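Colleague: I have a structure to learn from. Could we go through it together, one question at a time?

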Amino acid sequence: MMPQSTPRVVPVSPERPPLENTLGVILAAGLGKRMKTSLPKVAHSLLGKPLVLWAIDALREAGVVDITVVLSPAQTVVAEKVRAYVANLSAMVGEDRAEAGACVRIAWQTEAKGTGHAALCGLRGALEANPSLVERLAELDVLVGFGDTPAVRGETFARYLASHRAEKNKVTVFAFEPENPRGYGRVLTNEQGAFIAIREEKDCTSKECEVRLSNSGFLCARGDVLHDVLPRLGNGNAAGEYYLTDVPALVLSGQEGRVGLFKGADEKELAGVNSQEQLAAMAEYVQARVLQGWMEKGVQFLAPKSTYVEPTVTFDADVVVEPFTYLAGNTHVPQGTRVKAGTRWEGNT
């Protein structure tokens, strides 16, 4: 069987129509020192695709096609991968511009001043690239995501945006309840369940540390609200940084509008990657999800836990995959194939 000759990482086409008046900002400027390698964190590969591209694809699957990725100037490797992605995307869109407004650009955070400052760099980058957006900021919604959360589904982001718009919020916080909230910022609410603030764990009181409702990090806000609030963030916290998590409370204190809550259910889907151990655990989780999707279509994996299949691999009907197989790149497995134990097929360009 010959591998196909298309690029190994193929940009996805949105499963939903491209959303108008929506910007995506992906914060990916962290170098990830806990990974203990010279490679920036978001350039690490998960099932054959860099973490940052998983984040881009999740937004695009949700219908968000105008995306700004915030990087540090030290991340030249990541920038190259994003630019290669953009080249592939441009080739796929072609002259017919099937995805109106489709764009993935890079913005630079030249100093590490925290997530709030990174989001400001991303928003400014989008507005500088398209100045016409400045006049209609109040019509825009901005979804801020992260380059190290590869498991978030496009469907999840789509529901998040839909909730934000249906409730007509100025800001919507994405919260969840992990089994163990240690390490997460806490989402504080009043007795009626309305949002009060997000508190980073190192800034929490002992009582606040007992709260299970936690912040995923994702934020959805109206463009004019972010444009006004991000430059006003303070850095009076334990890290001396400008936190994106301070945006909702600042909006409330200024009586600038409603702050809503959206609750996610799958803790593993929302997890970030900060170490090699977490990367390995995430790969196991995402791999199981990939295999489950194919099993639902009739592909038989005799020993799923010993099988490696990248999301770019495709199968026809009536395929059986034996243990200890490695299927990567743009490999296509024809109908009726029995993939023998120990097989390695890798379709690369």
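**Questions on a predicted model**

Colleague: What share of the 349 residues in the protein chain is buried?
Modeller: Keep in mind that this is a predicted model. A residue counts as buried when its relative accessible area is under 20%. Among the 349 residues of the protein chain, the buried share is 49%.

Colleague: What is the mean pLDDT of the protein chain?
Modeller: In the protein chain, 92% of residues reach 70 or more, and the mean pLDDT is 91. Residues 1-7 have a pLDDT below 50. Where pLDDT is low, the predicted coordinates should not be read in detail. For the protein chain, then, the mean is 91.

Colleague: What is the radius of gyration of the protein chain?
Modeller: The protein chain holds 8 helices and 19 strands. For 349 residues the globule rule gives 20 Å. The chain comes close to that, so it is as compact as a globular protein of that length, with a radius of gyration of 21 Å.

Colleague: How far apart are the end C-alpha atoms of helix α4?
Modeller: Helix α4 covers residues 154-166, which is 13 residues. At 1.5 Å a residue, the helix should span 18 Å. The model agrees: the end C-alpha atoms are apart by 18 Å.

Colleague: Which residue with a positive phi follows α4?
Modeller: Several residues of α4 are buried, including F157, Y160 and L161. After the helix comes a residue with phi near 55 degrees. That residue is K168.

Colleague: Which elements are included in what covers the buried residues of α8?
Modeller: Helix α8 runs over residues 276-295. Its buried residues include L279, Y285 and W294. Their cover includes β2, α1, α7, β12, β13 and β14.

Colleague: Is R186 buried or exposed?
Modeller: R186 forms a salt bridge with E201, with the closest N and O atoms 3.2 Å apart. The pair links distant parts of the chain, 15 residues apart. E201 has 25% relative accessibility, so E201 counts as partly exposed. R186 is at 2%, and therefore R186 counts as buried.

Colleague: Which residue forms a salt bridge with E322?
Modeller: E322 lies in the loop between β15 and β16, and its partner sits in strand β18. E322 is buried, with a relative accessible area of 13%. The closest N and O atoms are 2.6 Å apart, and the partner is R338.

Notes. Residues are numbered from 1 along each chain as its sequence is written. This is a predicted model: local features need pLDDT of at least 70, side-chain atom pairs count only at pLDDT 80 or more; totals for chains, interfaces and linings use all residues. Side-chain values use heavy atoms; hydrogens and water are left out. Helices (H or I, at least four residues) and strands (E, at least two) are DSSP runs, numbered from the N terminus. The expected span of a helix is 1.5 Å times one less than its number of residues. Buried means under 20% relative accessible area, exposed over 50%, partly exposed in between (1.4 Å probe, protein chains only). Contact means heavy atoms within 4.5 Å. pLDDT is the predictor's confidence in each residue, from 0 to 100. The radius of gyration is taken over C-alpha atoms; the globule rule is 2.2 Å times the number of residues to the power 0.38. A salt bridge is a side-chain nitrogen of Lys or Arg within 4 Å of a carboxyl oxygen of Asp or Glu.
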